[in-house]
Amino acid sequence: MIKGYQKELSNIYEKLRTTEQQNLKKRRDEISKKHPEIIELDTKIQKFCLNLSLSILKGTLTETDLNNLRDTITNLRARKYELLVSKGYSQEYLNLYYHCHKCKDNGFIGTGNSKCSCYKNKLIKLYYKDSDLEDAVKDNNFNNFDINLYSSHKIADDKYSPRRNMENILETVKGNYIPNFNNHDNNLLFYGNSGTGKTFLSWCISKDLLDAGFLVVYKTSDELIKGLRDIRFNNNSALEELIINCDLLIIDDLGAEQITEFSATELFTLINKKILKKKKMLISTNLSLPMISKLYSERIYSRLVGNFKLCKFYADDIRIQINLKRK
Ligand SMILES: [Zn+2]
């Protein structure tokens with residue numbers, strides 16, 4: 001996990017606990033004013049509970065006495081609940097509220113400090129927030145992927161029909177890339193004309209991975225270069241950490257950014273660093289492979305061709321472009 005997230009989560013839990021303690025105090029104050037007898041009863045119960053714990057610790061009471069004390073507490077509690085309900089409150093009104101009963105809003109369970117399921121859910125929420133994908137994947141996901149938009153008629157030069165081609169890509173993605181995401185360091189390069197579904201598919205992949213608890217960060221090439229500039233000149237280390245160490249970095253629309261010596265050098269450094277660190281990338285581009293080699297340095301081209309699985313996107317049908325635009 002990227003450093004920073006752990007701290008952020010522990011702050012979230014601390015805030016939850018503090019807020020609930022304040023809420024409980026407000027409820028107690030309210031009851032104390034309106035029905036002081038209930039608070040008296042509650043204080044009495046707390047005293048008995050403390051006595052019980054101390055007696056168990058010290059071993060000062062016999063088992064029979066302990067059981068009598070337990071019975072007294074149970075009876076007093078029942079009385080308190082009855083009173084609360086008779087005054088129109090829920091019987092839990094004077095209890096501390098937990099958002100998660102399993103970990104009592106600590107995020108961890110037991111002495112082994114194993115993470116609670118709520119911890120993972122909160123982490124996913126944070127990941128979504130930082131991914132820049134929260135809105136995009138609401139509608140753009142596998143539930144809305146329509147293979148029928150791809151024609152089954154073969155286009156002259158291509159080996160497969162657009163549909164068969166897309167089925168092959170989907171098989172790679174859904175059959176291996178996503179389910180085995182933890183066990184490979186495969187990079188993907190989606191290339192082909194605009195309107196053939198590259199961005200859409202990258203969003204579909206993102207949603208599945210985010211929901212599985214992976215940190216996916218999405219940047220258009222333009223945003224990425226701006227980010228790299230911010231890292232280089234303003235020491236934006238939080239952004240650097242995010243871009244370098246996220247589980248998957250998506251660079252959308254490579255070639256749409258203004259290509260300068262700075263951008264090309266920074267891009268190469270980033271791609272190279274991520275390959276060395278085995279941090280996965282998905283790059284999509286409208287450029288053809290020869291155009292990539294023409295517009296970027298030979299070393300970027302060779303990294304892309306040598307270290308990425310190349311997925312060519314194509315479609316001969318205008319419907320696809322219309323439908324994708326509509327989405
Ligand atoms: Zn929990």
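Helix α1 (residues 5-34) packs against helix α2 (residues 36-58) at an angle of about 125 degrees, with the axes 5 Å apart. The axes are lines fitted to C-alpha atoms over the stretch in contact, with angles running from 0 to 180 degrees between N-to-C directions. The two helices are therefore oblique to each other (under 35 degrees is roughly parallel, over 145 roughly antiparallel, 65 to 115 roughly perpendicular, the rest oblique). By class, their contact has 4 nonpolar, 3 polar and 4 charged residues; contact means heavy atoms within 4.5 Å.

This is a predicted model, in which local features need pLDDT of at least 70, side-chain atom pairs count only at pLDDT 80 or more, and totals for chains, interfaces and linings use all residues. Residues are numbered from 1 along each chain as its sequence is written, and side-chain values use heavy atoms, leaving out hydrogens and water.

The structure holds 12 aromatic pairs, where ring centres lie within 6.5 Å and planes under 30 degrees apart count as stacked, over 60 as edge-to-face and the rest as tilted. Two of them are tabulated.

| Pair | Centre to centre | Plane angle | Class |
|---|---|---|---|
| Phe-190 and Phe-313 | 4.7 Å | 45 degrees | tilted |
| Phe-233 and Phe-262 | 5.6 Å | 25 degrees | stacked |

Phe-190 lies in strand β3 and Phe-313 in strand β7, so this pair ties together parts 123 residues apart in sequence. Both Phe-190 and Phe-313 are buried (under 20% relative accessible area; exposed is over 50%, partly exposed in between, with a 1.4 Å probe and protein chains only). Phe-233 counts as exposed at 56% relative accessibility, whereas Phe-262 is partly exposed at 21%.

Definitions and conventions:
Helices (H or I, at least four residues) and strands (E, at least two) are DSSP runs, numbered from the N terminus. Ala, Val, Leu, Ile, Met, Phe, Trp, Tyr, Cys and Pro count as nonpolar, Asp, Glu, Lys and Arg as charged, and the others, Gly among them, as polar. Rings of Phe, Tyr and Trp (its six-membered ring) pair if their centres lie within 6.5 Å; planes under 30 degrees apart count as stacked, over 60 as edge-to-face and the rest as tilted.
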